Amino acid sequence: MKLLPCSAAKTSSPAIQNSVEDELEMATVRHRPEALELLEAQSKFTKKELQILYRGFKNECPSGVVNEETFKEIYSQFFPQGDSTTYAHFLFNAFDTDHNGAVSFEDFIKGLSILLRGTVQEKLNWAFNLYDINKDGYITKEEMLDIMKAIYDMMGKCTYPVLKEDAPRQHVETFFQKMDKNKDGVVTIDEFIESCQKDENIMRSMQLFENVI
């Protein structure tokens, strides 16, 4: 009997039918995401954008959650010329905010919303969390070097001009010196944000993907 309203919907307008199909699709996934209205309120995406993103997410992850290995496989498709494994590991941990070893659709949307539509402050907070590998509230030179090496590995050997082996370390030395204002060997979130806001290249890169969807 509960299926009767759906049968009746088939004679309704295409817009209503699509809406019903979207709601059914959201309801049948094994890991049911939070209500669309709640996700819409928590992110900067519209309901229609969330439905499109959800279809894409479900195609890649039918169970409704993605584990680290699957995340690495998906990410490697974007960087076939290099080894994105390590960077994907760090990125996965940044998306996996509750550290349960899986990224749900909600986790994915909240992170993506910040990266694509967030304020500069929100994006910098997210970036700090990525670099703060052990999540102790500080970035050490070793953590920054680990991330930088992962980025260089991901970009591959086909960069032009060809980068020297010690390029990541040189890059980190320069950045860390600028960021570690009080020279105590760690970078706090305030030092990180202040330094990034003064760097024109970083600020420009923050705007690259705005409204990409």
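**Salt bridges and helix packing in a predicted model**

Me: In this predicted model, the side chains of Glu173 and Lys141 meet in a salt bridge; what is the distance from N to O?
Reply: Side chains of opposite charge can pair when their charged atoms come close. The side chains of Glu173 and Lys141 meet in this way, and the distance of their salt bridge, N to O, is 3.2 Å.

Me: How many residues apart in sequence are the parts that the pair of Glu173 and Lys141 ties together?
Reply: Glu173 belongs to helix 10 whereas Lys141 belongs to helix 9, so the pair ties together parts of the chain whose separation in sequence is 32 residues.  Glu173 has a relative accessibility of 35% and therefore counts as partly exposed, and Lys141, with a relative accessible area of 30%, is partly exposed. The separation asked for is 32 residues.

Me: At what angle do helix 9 and helix 10 pack, and how far apart are their axes?
Reply: Two packed helices are described by the angle between their axes and the distance between the axes. For helix 9 (residues 141–155) and helix 10 (residues 167–179), the angle is about 140 degrees and the axes are 9 Å apart. That angle makes helix 9 oblique to helix 10, and the values asked for are about 140 degrees and 9 Å.

Me: Is the crossing in which helix 9 passes helix 10 left-handed or right-handed?
Reply: The angle of about 140 degrees between helix 9 and helix 10 makes helix 9 oblique to helix 10. The crossing in which helix 9 passes helix 10 is right-handed.

Me: How many nonpolar, polar and charged residues does the contact of helix 9 with helix 10 have?
Reply: Helix 9 contributes Lys141, Met144, Leu145, Met148, Lys149 and Tyr152 to the contact, while helix 10 contributes Ala167, Pro168, Arg169, His171, Val172, Glu173, Phe175, Phe176 and Met179. Sorted by class, the residues in the contact of helix 9 with helix 10 are ten nonpolar, one polar and four charged.

Me: Which residue forms a salt bridge with Glu49, and in which helix does that partner lie?
Reply: The closest N and O atoms of the salt bridge between Glu49 and Arg117 are 3.1 Å apart. Glu49 lies in helix 4 (residues 47–60), so its pairing with a residue of helix 7 (residues 105–117) ties together parts that are 68 residues apart in sequence. Glu49 is buried, as is Arg117. The partner is Arg117, in helix 7.

Me: Is Lys72 buried or exposed?
Reply: Lys72 and Glu69 both lie in helix 5 (residues 68–76), three residues apart, about one turn of the helix, and their side chains meet in a salt bridge of 3.8 Å, N to O. Glu69 counts as partly exposed because its relative accessibility is 49%. Lys72, at 18% relative accessibility, counts as buried.

Me: Which residues are linked with Glu69 and Lys72 in a network of salt bridges?
Reply: A search of the whole structure finds seven salt bridges, and one of them joins Glu69 and Lys72. In the network of salt bridges, the residue linked with Glu69 and Lys72 is Glu68.

Me: Which residues does Ser195 touch, not counting those up to four places away in sequence?
Reply: Ser195 is found in helix 11 (residues 189–197), and its relative accessibility of 11% means that it counts as buried. Leaving out residues up to four places away in sequence, Ser195 touches Lys178, Met179 and Lys181.

Terms used:
Residues numbered from 1 in each chain as written. Predicted model: local features only at pLDDT ≥ 70, side-chain atom pairs only at ≥ 80, totals over all residues. Heavy atoms only, no water. Axes fitted to C-alpha atoms, helices over the stretch in contact; angles between N-to-C directions. Helix = DSSP H or I, 4+ residues; strand = E, 2+ residues; numbered from the N terminus. Parallel < 35°, antiparallel > 145°, perpendicular 65-115°, else oblique. Left-handed = near helix turned anticlockwise from the far one by under 90°. Contact = heavy atoms within 4.5 Å. Nonpolar A, V, L, I, M, F, W, Y, C, P; charged D, E, K, R; others polar. Buried < 20%, exposed > 50% of the residue type's maximum accessible area, 1.4 Å probe, protein only. Salt bridge = Lys/Arg side-chain N within 4 Å of Asp/Glu carboxyl O.
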